[in-house]
Amino acid sequence: MLNPTPDHPVAIVTPGTFPIPSGRSSSVELVAIKVGERLRLTHNMPLHVFGVKTRKLPSRQMIDGVLYVRCPRQAYIRQIYARMKRLKPALIQVENRPRYAHYLKRRLGRQYPVILSLHSLTFLTRPHISSRRLLQCLRSVDIILVNSRYLKEEIIKLDSGLRDKIAVNHLGVDPELFPSRWSEEHQLTREEQLKALGWSGSKVILFVGRLIPIKGVHHLLKAMPQVLEQQPDAKLLIVGGAFYGSNRITPYVAQLQRLARPLGDAVRFIPYVPHERVAEWFRLADTVVVPSSEREAFGLVNVEAMASGVPVVASQAGGMSEVIEHNQTGLLVPLTAIEQELPNSILTLLQNKEYAQLLGEQGRQRVLERFTWHHTAERLAELYHSLQKQ
């Protein structure tokens, strides 16, 4: 690996699905932005972040010392390859697209280290890629970077020979953007927001995320009748849409709306909220519920809730138990008993404010110690330096 310099920067390649930077993109782009900013700030590391070109954004733009290079959507990865040949980067990190990583590695050769950074299992399965093609991609890159030990073990199941090239780097949050809801200032703001919603004095349950089956929102709606039976002032806020930056109604969203209808004004759907404004909704919550399926690799919403001082109720699935400590920073519910246990766990927090506050404050402390973007960037910088020595 070359030493990163302005003439040979680190190149981060985003999937090309959403413009970057943008308030209407996925968590994949968010991670690239947040980690890139901190690598530049802390290590003065020269960085080029590649993304898709749009009519509103220039082809090249320097923001906070990071150069964003935007390529046409058509033949996106071939456009990036052409730029890489001229750029001669110190290393290339490809976000969540095994095919792109393999394409660049095969064409650029051994002298350019390629890191494949995986955020989920989505692009490791059909219809996105066949098993044979996936293994070819995974074996070709120099490092496979994953956001949880769970995701590492899932990849090892595909090929145990990949174990030594997999590195785990948990994701983070900016605690200044997600302040604790228990501070006096934010308590007052919270009361004003609840009043504006007509929910003064209510106990607020919050879901934030995409409205897709893997996120398990149906489990939460099915739990609400039992919650309301014992806590009549409970309210459920569902923040998000089926797609990033869109509020299109899918069959699953329609199913959720049908489940919510008998619950009346106890449930409210909030359309897609840009990431820079999502902290306002965490502040309202007495608990955040993350009832995702087994395939949830990390769940960024967990650390955002914890940074906000809100206790989390999450399914004991995927990589989420690596973030949440049961009875310490939140509550974990076994997936096999989620319909029975989810209402009980929610009620435990709604009916015991002191316990909820304790878990929330301990959750924020855990984030400050382990799950900030600074921590994520420092671990990544160490990984880059280890490649230099090879």
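In helix H5, the buried residues include Tyr150, Leu151, Ile155 and Ile156, where buried means under 20% relative accessible area, exposed over 50% and partly exposed in between (1.4 Å probe, protein chains only). Helices (H or I, at least four residues) and strands (E, at least two) are DSSP runs, numbered from the N terminus. The model is predicted: local features need pLDDT of at least 70, side-chain atom pairs count only at pLDDT 80 or more, and totals for chains, interfaces and linings use all residues. Residues are numbered from 1 along each chain as its sequence is written, and side-chain values use heavy atoms, with hydrogens and water left out.

The buried residues of H5 pack against strand E6 (114-118), helix H4 (131-140), strand E7 (143-146) and strand E8 (166-168). H5 (residues 149-158) also holds both Glu154 and Lys157, which are 3 residues apart, about one turn of the helix. An α-helix has 3.6 residues a turn, so residues three or four places apart point the same way. Glu154 and Lys157 form a salt bridge, with 2.8 Å between the closest N and O atoms; a salt bridge is a side-chain nitrogen of Lys or Arg within 4 Å of a carboxyl oxygen of Asp or Glu. Lys157 is exposed, at a relative accessible area of 63%.

The structure has 13 salt bridges. One of them joins Glu280 and Arg277, at 3.2 Å from N to O. Glu280 is partly exposed at 27% relative accessibility, and Arg277 is partly exposed at 43%. Through shared partners, salt bridges link Arg181, Arg190, Glu191 and Asp286 into one network. Within it, Arg190 and Glu191 meet at 3.6 Å, N to O. Arg190 is buried, with a relative accessible area of 4%, whereas Glu191 is partly exposed at 39%.

Arg190 also lines the second largest pocket, where Arg181, Arg190, Lys203, Asp286 and Lys353 are the nearest to the centre among 14 lining residues. On a 1 Å grid over the protein atoms alone, a pocket is an open set of points with protein on both sides within 12 Å along at least five of seven lines, a cavity is a set where a 1.4 Å probe fits but cannot get out, and lining residues have an atom within 4 Å of a point. This second largest pocket has a volume of about 180 Å³, a volume being the space filled by probe spheres set on the points, which are joined across faces, edges and corners. Helix H6 gives the largest share of the lining, 4 residues. The lining has 5 nonpolar, 3 polar and 6 charged residues; Ala, Val, Leu, Ile, Met, Phe, Trp, Tyr, Cys and Pro count as nonpolar, Asp, Glu, Lys and Arg as charged, and the others, Gly among them, as polar.

The search of the whole structure gives 1 cavity of 30 Å³ or more. The largest cavity has a volume of about 130 Å³. Its 16 lining residues include Val31, Gln93, Ser117, Leu145 and Leu171, which are the closest to its centre. Helix H1 gives the largest share of this lining, 3 residues. By class, the lining of the largest cavity has 9 nonpolar, 6 polar and 1 charged residues.

Notes:
Contact means heavy atoms within 4.5 Å.
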